[in-house]
Amino acid sequence: MKGLILKDLITLKSYGKSLLLIFALFLFLGLSSGSPLSGAMMVMPISIMAAYVTFSYDKLSNWDCYACTMPMKRSEIVIARYFVTIILSLLFFAASLLSYLFTAVIMQNFSEVYLLIPSYSVLFGLIMILISLILVLNYKFGPDKARIALILIFILPSIFTALITQSNVPMPVISESTIMLFCTIMPILGIVALLLSYLMAAKIYQHKEF
């Protein structure tokens, strides 16, 4: 399994320059927006794109056909991909925190420090849920069809937010205790979604023909 994890990490090494450029772009957006936290949190969704890239490279190299001939269970191939995704998510999580500290120091703006824990709790849970969905879709339909879902995941929330904003619909008043409960539950939901996603993906891959 160690070899499978290293294979994905080495594959992503060629994608590293693109990831650094995207990271720098989001860092710039954080500086220009005047909100270090919002810019830092933009970094986290990059892990979704990185998870998708591994499937694209596998398809180009016909990796799955070769992997299924090796003396290992198919479930091990799947769980290795999930481990890589978790590692990447944690790395981007750390990079996001560092970018916040960097922009906050430069701008001398620490007014959002009290939002760090609740914001990252919700974001972590949300990213895990989205990654869980992307991984299952890739195993089920392949990277080409899953690309459509990836685009929709990024576009639909923006459209929904814009529609709500333009419609001037009054937002319900949410108590502080409800918000804190939501912030506590989201990471748990993210982990549960990841586990369920793995079970589904392993079952799909087990019966898949290459």
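Predicted model: local features only at pLDDT ≥ 70, side-chain atom pairs only at ≥ 80, totals over all residues.

Me: Is α4 mostly covered or mostly open? How many of its residues are buried?

Reply: Mostly covered, with eleven of the 15 residues of α4 buried. Among them are Ile46, Ile48, Tyr52, Val53 and Phe55, and also Ser47 and Asp58.

Me: And what happens just after α4?

Reply: Asn62 turns up there with a positive phi of about 55°.

Me: OK, zooming out. How many helices and strands does the protein have?

Reply: Nine helices and zero strands. Of its 210 residues, 40% count as buried.

Me: What about contacts between residues at least 6 apart in sequence: what share joins residues at least 24 apart?

Reply: That share is 85%.

Me: Back to α4. How do α4 and α7 sit relative to each other?

Reply: Their axes come within 10 Å and cross at roughly 15°. An angle under 35 degrees counts as roughly parallel, so α4 and α7 are roughly parallel to each other. The crossing is right-handed.

Me: Which residues make that contact?

Reply: From α4 you get Ser47, Ile48, Tyr52 and Phe55. From α7 there are Ile127, Leu130, Ile131, Ile134, Leu135, Asn138 and Tyr139. By class, the contact of α4 with α7 has nine nonpolar residues, two polar and no charged ones.

Me: What about α1 and α4, at what angle do they cross?

Reply: Roughly 95°, with the axes of α1 (residues 2-13) and α4 coming within 10 Å. That angle makes α1 roughly perpendicular to α4.

Me: Who's touching whom there?

Reply: Lys7, Asp8, Thr11 and Leu12 of α1 meet Ala50, Val53, Thr54, Tyr57 and Asp58 of α4. Here the classes are four nonpolar, two polar and three charged residues.

Me: Last thing, α7. Why does its end-to-end distance of 36 Å make sense?

Reply: Helix α7 covers residues 116-141, which is 26 residues. At 1.5 Å a residue, α7 should span 38 Å, so having its end C-alpha atoms 36 Å apart agrees with that.

Me: And which residue just after α7 has a positive phi?

Reply: Gly142, at about 90°.

Terms used:
Residues numbered from 1 in each chain as written. Heavy atoms only, no water. Helix = DSSP H or I, 4+ residues; strand = E, 2+ residues; numbered from the N terminus. Expected span 1.5 Å × (residues − 1). Axes fitted to C-alpha atoms, helices over the stretch in contact; angles between N-to-C directions. Parallel < 35°, antiparallel > 145°, perpendicular 65-115°, else oblique. Left-handed = near helix turned anticlockwise from the far one by under 90°. Contact = heavy atoms within 4.5 Å. Nonpolar A, V, L, I, M, F, W, Y, C, P; charged D, E, K, R; others polar. Buried < 20%, exposed > 50% of the residue type's maximum accessible area, 1.4 Å probe, protein only.
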